[in-house]
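Welcome to a short tour of a protein model.

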Amino acid sequence: MAWSSTQYLKFEDERTRPARDLLAQVPLETAARAYDLGCGPGNSTELLVARFGPESVIGLDSDPNMLAAARSRLKRTTFLEADLATWQPPEPADLLYANAVFQWVPDHLSALARLMDGLKSGGVLAVQMPDNLQEPSHVAMEEVASQGPWRAAFTGRNPKRDPLPPPAAYIERLGPKAQRVDVWHTIYNHPMANADAVVEWMKGTGLRPYLDTAGPAQAQAFTEAYRARIAALYAPMADGRVLFRFPRLFVVAVRK
């Protein structure tokens with residue numbers, strides 16, 4: 001699945017707000033080594049750099065386009081290509097920080113438990129993930145995928161990501177290695193210009209695997225069918241804007 005930093009950053013302020021909220025709950029005054037896991041175009045890394053300094057922060061991502069954007073944005077910060085399903089810090093870290101990436105990693109609970117072993121005592125694992133598969137934006141993708149001339153492309157190939165485990169699963173899995181595990185949900189309500197803006201947001205993230213599955217010849221038609229469904233599901237407010245509801249799960253664990 002290819003990513004586009006340009007598309008992703010069309011809604012930079014809204015996408016960065018959960019990253020700020022996650023970092024605000026990290027109980028560290030200093031960090032000699034902080035990793036931004038799934039750094040994307042560097043908007044979340046920029047927050048870590050502002051708090052801990054450019055020499056203390058390393059950004060990791062698996063996508064070359066995102067890494068190029070991050071390196072252009074933060075020239076004094078190191079960025080590396082890595083697969084978070086297997087990556088482990090080369091030496092114990094103070095902070096492993098991940099904004100909106102582990103929802104894409106298969107069996108991410110096991111990956112997070114493994115990463116706890118890569119922290120110093122008192123080090124922090126801080127994770128935020130969208131928990132929005134039941135929202136109209138995602139239900140619409142499933143509905144559109146089951147209709148139209150692209151339907152055969154989805155037979156036996158479901159691009160829907162796995163739902164997140166319940167909060168108790170994170171506490172039970174990370175708790176034996178932690179002094180403390182905090183898990184909570186925040187629901188963001190983003191006023192968007194119109195339904196088309198919701199589609200543009202989704203084209204930067206959740207819609208991408210569906211368009212890849214539909215294939216290049218059908219991607220535009222799939223997008224237009226999705227756009228029509230979104231327009232029907234998101235009723236405009238009195239001022240013409242629509243409210244884009246976005247639940248997110250947060251996990252902060254402090255290593256024993």
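What volume does the second largest pocket have? The second largest pocket has a volume of about 250 Å³. Of the 13 residues lining this pocket, Gln103, Trp104, Pro106, Arg161 and Asp162 are the closest to its centre.

## About the model

This is a predicted model: local features need pLDDT of at least 70, side-chain atom pairs count only at pLDDT 80 or more, and totals for chains, interfaces and linings use all residues. Residues are numbered from 1 along each chain as its sequence is written, and side-chain values use heavy atoms, with hydrogens and water left out.

## Pocket and cavity

Rolling a probe the size of a water molecule over the atoms shows where empty space is left. Here, on a 1 Å grid over the protein atoms alone, a cavity is a set of points where a 1.4 Å probe fits but cannot get out, while a pocket is an open set with protein on both sides within 12 Å along at least five of seven lines; lining residues have an atom within 4 Å of a point. Grid points are joined across faces, edges and corners, and a volume is the space filled by probe spheres set on the points. By class, the second largest pocket is lined by 7 nonpolar, 2 polar and 4 charged residues (Ala, Val, Leu, Ile, Met, Phe, Trp, Tyr, Cys and Pro count as nonpolar, Asp, Glu, Lys and Arg as charged, and the others, Gly among them, as polar).

The count of cavities of 30 Å³ or more is 1, and the largest cavity has a volume of about 70 Å³. Its lining includes Trp104, Leu133, His138, Arg161 and Tyr210, and divides into 6 nonpolar, 2 polar and 3 charged residues. Helices α6 (136-145) and α9 (208-214) each supply at least two lining residues, with α6 giving the largest share, 3 residues.

## Overall build

The protein has 10 helices and 7 strands (DSSP runs numbered from the N terminus: helices are H or I with at least four residues, strands E with at least two). Its C-alpha trace spans about 55 × 40 × 40 Å along the principal axes. Of the 256 residues, 54% count as buried (under 20% relative accessible area, with exposed over 50% and partly exposed in between, using a 1.4 Å probe and protein chains only).

## Some covered places

Take Val124, in strand β5 (residues 119-130). Val124 counts as buried because its relative accessibility is 0%. Val124 and Ala253 are 129 residues apart in sequence, yet 5.7 Å apart in space, C-alpha to C-alpha.Helix α5 (residues 108-116) is mostly covered, with 7 of its 9 residues buried. Among them are His108, Leu112 and Met116, and their cover includes β1 (34-37), β4 (93-99) and β5.

Beyond residues up to four places away in sequence, Thr45 touches Asp36, Cys39, Val57, Leu74, Thr77 and Phe79.

Conventions
Contact = heavy atoms within 4.5 Å.
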